[in-house]
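Student: Hi! I'd like to go through this model with you before I set anything up. Can we start with how the strands are put together?

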Amino acid sequence: MRKIWIMLLCAIAATGILSAATAGAAVELNMYYPVAVGGPITNVIDGMIADFESANPDIHVKAVYAGNYDDTRIKALSALKANQPVQLSVLFSIDLYELMDQDVIVPFDEIAVSPEDRQWLSSFYPALMENSLAKGKIWGVPFQRSTIVMYYNKDAFKEAGLDPSKPPSTWQEMTEAARKLTQRDASGNIIRWGVSIPSTGYAYWMFQALCIENGLELMNKDGNQTRFDSPAVIEALQFWRDLGAKDKVMPEGTIDWGTLRQKFVEGATAMMWHTTGNLTAVREGSKFDFGVTMLPANKHRGSPTGGGNFYIFKNTSQAERQAALKFIKFMTSPELTARWSMATGYVATSPAAYKTAALEKYVTDFPAAAVARDQFQYSVAELSVHENARVKKILDDAVQSVLTGAATPKAAMESAQQQADRVLKPYRP
Amino acid sequence: MSIYSKLQEHNALWVYAWLLLMPATLLMAAFTHFPILGSIFLSFFSTARSGRPSRFVGMGNYSTMLNDPVFWLALRNNCIYALGTIPVSVCLALLMAVWVNGKPAGRIVVRTAYFTPTILPMIAVSNIWLFFYTPQIGILDKICRLFGLPGHSWLGSPDTVLACLMALAVWKDAGFFMIFYLAALQGIPPELEEAAAIEGSGRWYFFRRVTLPLLMPTTLFVVVNATINSFKLVDHIFILTKGGPDNTSSLLLYYIYEVAFSFWDTAYAATLTVALLVILGGMAVLQFVYIEKRVHYR
């Protein structure tokens with residue numbers, strides 16, 4: 001069945017090539033991109049692309065929304081393996097090693113060669129470039145990037161007798177605040193939970209935040225070693241489990257990533273951990289006053305960065321690479337970055353964007369928009385190793401097995417480490 | 001003289017037969033038999049990674065599979081899923097068909113209502129059901145609250161997640177199967193009922209001894225389809241759970257997809273595919289051998 005689809009897609013792609021050839025010198029760029037947050041994101045992207053095309057009539061960009069990050073990687077790689085023309089894509093920043101293993105991307109150092117280009121490459125926040133660097137080269141350019149922030153319902157804070165201008169800054173404070181914020185009806189059923197940390201889709205990401213806050217990074221720099229079974233990791237997972245099982249301030253079982261925002265804006269949870277990329281959607285959806293703060297600390301504060309980078313694929317002509325570069329430079333220019341950040345809540349990827357008049361004013365009126373950026377000083381690279389999809393899944397499963405009460409943190413993480421070792425062994429010297 | 005009679009004259013009707021069969025045979029070979037052989041072939045090799053080319057591993061992938069707890073979990077889930085969805089959706093389909101085959105008031109509306117879930121795309125429907133199942137703000141939890149019951153994390157708990165997927169599948173499939181039963185019911189000649197009435201048989205007796213046996217060919221068709229669906233239809237998993245929490249809602253085909261396209265371990269995915277083929281083939285044989293005996297085609 002899948003083969004039929006691939007054949008059909010090839011046929012469609014072939015007609016695409018033919019029509020491109022007849023159109024003359026115009027360069028056609030195809031890209032896939034993911035959406036992981038709420039709001040009319042595809043409209044925003046289409047609008048940005050339309051502006052690019054009117055400024056560059058000789059380049060056509062066809063951007064295809066392809067699902068979440070995993071779906072998009074799968075679609076892009078399938079297209080590449082089927083020899084469909086895909087020149088660039090926005091993919092998970094952490095897919096870097098996987099994309100290198102599959103040998104499908106080119107480093108930007110080979111394409112962006114002029115002094116002006118070099119300067120552009122060095123214009124991004126260093127924290128966001130960490131997931132782009134490997135083997136001394138730059139492989140990805142930050143686009144829809146985020147850190148995890150804590151959203152909290154100020155009205156609920158007031159109702160519970162908490163100071164809405166002082167959100168919890170440590171794990172202990174968060175648990176205590178959550179206890180006060182958890183609200184039950186007359187028969188003892190929960191109306192509002194204190195805090196929710198989502199555990200589907202990107203469970204490993206949330207978990208990485210907890211581990212960083214507990215003083216440990218989950219992997220080494222070479223992406224071939226994980227530390228899933230270290231005591232700090234097990235302790236962090238125990239804390240997460242306890243929020244639901246012992247403290248009863250968070251729903252037990254797993255919490256869905258996609259619907260959590262809706263639960264927050266309907267007042268069903270007083271605090272939530274989520275990507276800053278959801279900020280605009282939360283702002284537009286909530287009828288109450290809400291605040292955004294950095295994630296609370298245990299040993300220290302911390303959040304992994306997250307989100308998607310632009311990649312350029314290897315199987316492209318020089319003309320296509322230059323056109324792709326032009327497009328990416330346009331999309332990451334300070335003005336467009338500011339526009340994108342305001343439309344979504346994703347962090348603007350360069351300091352220059354925060355100096356644009358529009359974003360400067362926006363941040364003054366709405367300070368929540370700068371929290372994720374300010375958190376950069378505590379942030380570290382997101383979990384990125386060889387065979388990332390598989391290792392991530394091992395970690396996701398372990399976290400979920402603990403949150404659903406099927407395994408103890410120690411047993412789950414020791415088993416996860418063994419499995420990860422087996423996968424990563426061939427990548428160790 | 002037509003080609004047909006010319007062929008007949010030369011006693012070469014078999015050429016004619018083969019010509020008729022050829023398009024279907026070629027398509028089947030290209031898109032079914034060849035991929036099956038390809039999967040079997042692939043399953044004896046390792047997946048190539050950069051710096052590690054593919055090599056022959058014999059039964060290596062199969063022993064990996066037998067030691068893979070996720071495979072066994074997905075298989076177990078799939079069996080529960082099949083046992084939970086097939087009888088329920090088939091019985092429900094029959095019940096609905098009998099009900100709308102009578103002359104209830106507004107039966108056009110009822111028929112349409114029953115059939116609607118079938119024509120909606122699974123992905124769209126799953127997105128709607130995702131919000132039904134959302135704790136606290138979803139309709140399910142709101143109903144629970146009306147009766148003073150505590151909320152529940154329907155998709156987030158291993159105890160309920162598979163049942164949630166099954167409910168959606170039954171809702172989606174039952175209307176589709178109803179159409180087949182309805183068509184079959186309308187094909188039963190009314191004289192039979194009149195004759196039975198004269199003989200003095202009750203309605204239940206008539207249903208059990210006349211209607212049901214006459215519906216057996218349809219039942220066979222529907223059961224085969226329901227079985228295939230329970231192994232083939234995994235669209236809703238992508239939206240609702242992604243196989244989680246901790247693989248408790250992963251079905252075989254979803255796991256194959258994950259291994260093939262998320263992990264890019266094509267060789268192991270081929271191995272899992274062969275396992276799925278063996279299971280489905282075995283069940284098809286079983287169904288045709290056993291149920292066939294009880295089916296009276298007219």
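Tutor: Happy to. In chain A, strand 1 and strand 2 (residues 59-65) run parallel and are joined by 7 bridges. Bear in mind that this is a predicted model.

Student: Which residue stands opposite Leu29(A) in strand 2 of chain A?

Tutor: That's Val61(A).

Student: And how does the chain cross from strand 1 of chain A to strand 2 of chain A?

Tutor: The path goes through helix 2 (residues 41-55) of chain A, giving a β-α-β crossover that is right-handed.

Student: What about strand 3 of chain A, how many of its residues are buried?

Tutor: 5 of the 5 residues in strand 3 (residues 88-92) of chain A are buried, so the strand is largely enclosed by the rest of the structure.

Student: In which sense does strand 3 of chain A pair with strand 1 of chain A?

Tutor: Strand 1 (residues 27-33) and strand 3 of chain A pair in the parallel sense, over 2 bridges. If you want a residue pair to look at, Tyr32(A) has Ser89(A) as its bridge partner in strand 3.

Student: Then how many bridges join strand 3 to strand 12 of chain A?

Tutor: There are 5 bridges between strand 3 and strand 12 (residues 303-313) of chain A, and those two strands run antiparallel. Across that pairing, Phe92(A) stands opposite Gly308(A) in strand 12.

Student: Nice. Let's zoom out: how many helices and strands does chain A have?

Tutor: Chain A has 19 helices and 13 strands. Its C-alpha trace spans about 70 × 50 × 45 Å along the principal axes.

Student: What radius of gyration does chain A have, next to that of a compact globule?

Tutor: Chain A has 22 Å, and a compact globule of 429 residues would have a value near 22 Å, so the two agree. Buried residues account for 53% of the 429 residues. As for contacts between residues at least 6 apart in sequence, 75% join residues at least 24 apart in chain A.

Student: How many residues of chain B are in contact with chain A?

Tutor: 28 residues of chain B are in contact with 33 residues of chain A. On the chain B side, the elements giving two or more residues are helix 2 (13-42), helix 6 (122-133) and helix 13 (252-262). By class, that side has 12 nonpolar, 11 polar and 5 charged residues.

Student: Switching topic: where does Arg301(A) lie?

Tutor: Arg301(A) is in the loop between strand 11 (290-293) and strand 12 of chain A. With 18 C-beta neighbours inside 10 Å, Arg301(A) counts as partly exposed. Beyond its neighbours within four places in sequence, Arg301(A) is in contact with Glu213(A), Met294(A), Leu295(A) and Tyr378(A).

Student: Where do Asp103(A) and Lys135(A) sit?

Tutor: Asp103(A) lies in the loop between helix 4 (96-101) and strand 4 (105-106) of chain A, and is exposed, with 10 other C-beta atoms within 10 Å. Lys135(A) is in the loop between strand 5 (133-134) and strand 6 (137-138) of chain A, and counts as exposed with 8 C-beta neighbours inside 10 Å.

Student: Last one: what pLDDT does chain A average?

Tutor: The average is 90, and 94% of the residues in chain A score at least 70. Over residues 14-23 of chain A, though, the pLDDT is below 50, and that stretch has 2 contacts in the model beyond near neighbours in sequence. Where pLDDT is low, the predicted coordinates should not be read in detail.

Conventions:
Residues are numbered from 1 along each chain as its sequence is written. Chains are lettered from A and ligands numbered from 1 in the order in which they are written. This is a predicted model: local features need pLDDT of at least 70, side-chain atom pairs count only at pLDDT 80 or more; totals for chains, interfaces and linings use all residues. Two residues are in contact if their C-beta atoms, placed from the backbone, lie within 7 Å. Helices (H or I, at least four residues) and strands (E, at least two) are DSSP runs, numbered from the N terminus. Ala, Val, Leu, Ile, Met, Phe, Trp, Tyr, Cys and Pro count as nonpolar, Asp, Glu, Lys and Arg as charged, and the others, Gly among them, as polar. A residue is buried if 20 or more other C-beta atoms lie within 10 Å of its own, exposed if 12 or fewer, and partly exposed in between; C-beta atoms are placed from the backbone. Two strands pair if DSSP finds at least two bridges between them. pLDDT is the predictor's confidence in each residue, from 0 to 100. A crossover is right-handed if, with the strands pointing away from the viewer, the path from the first strand over the helix to the second runs clockwise. The radius of gyration is taken over C-alpha atoms; the globule rule is 2.2 Å times the number of residues to the power 0.38.
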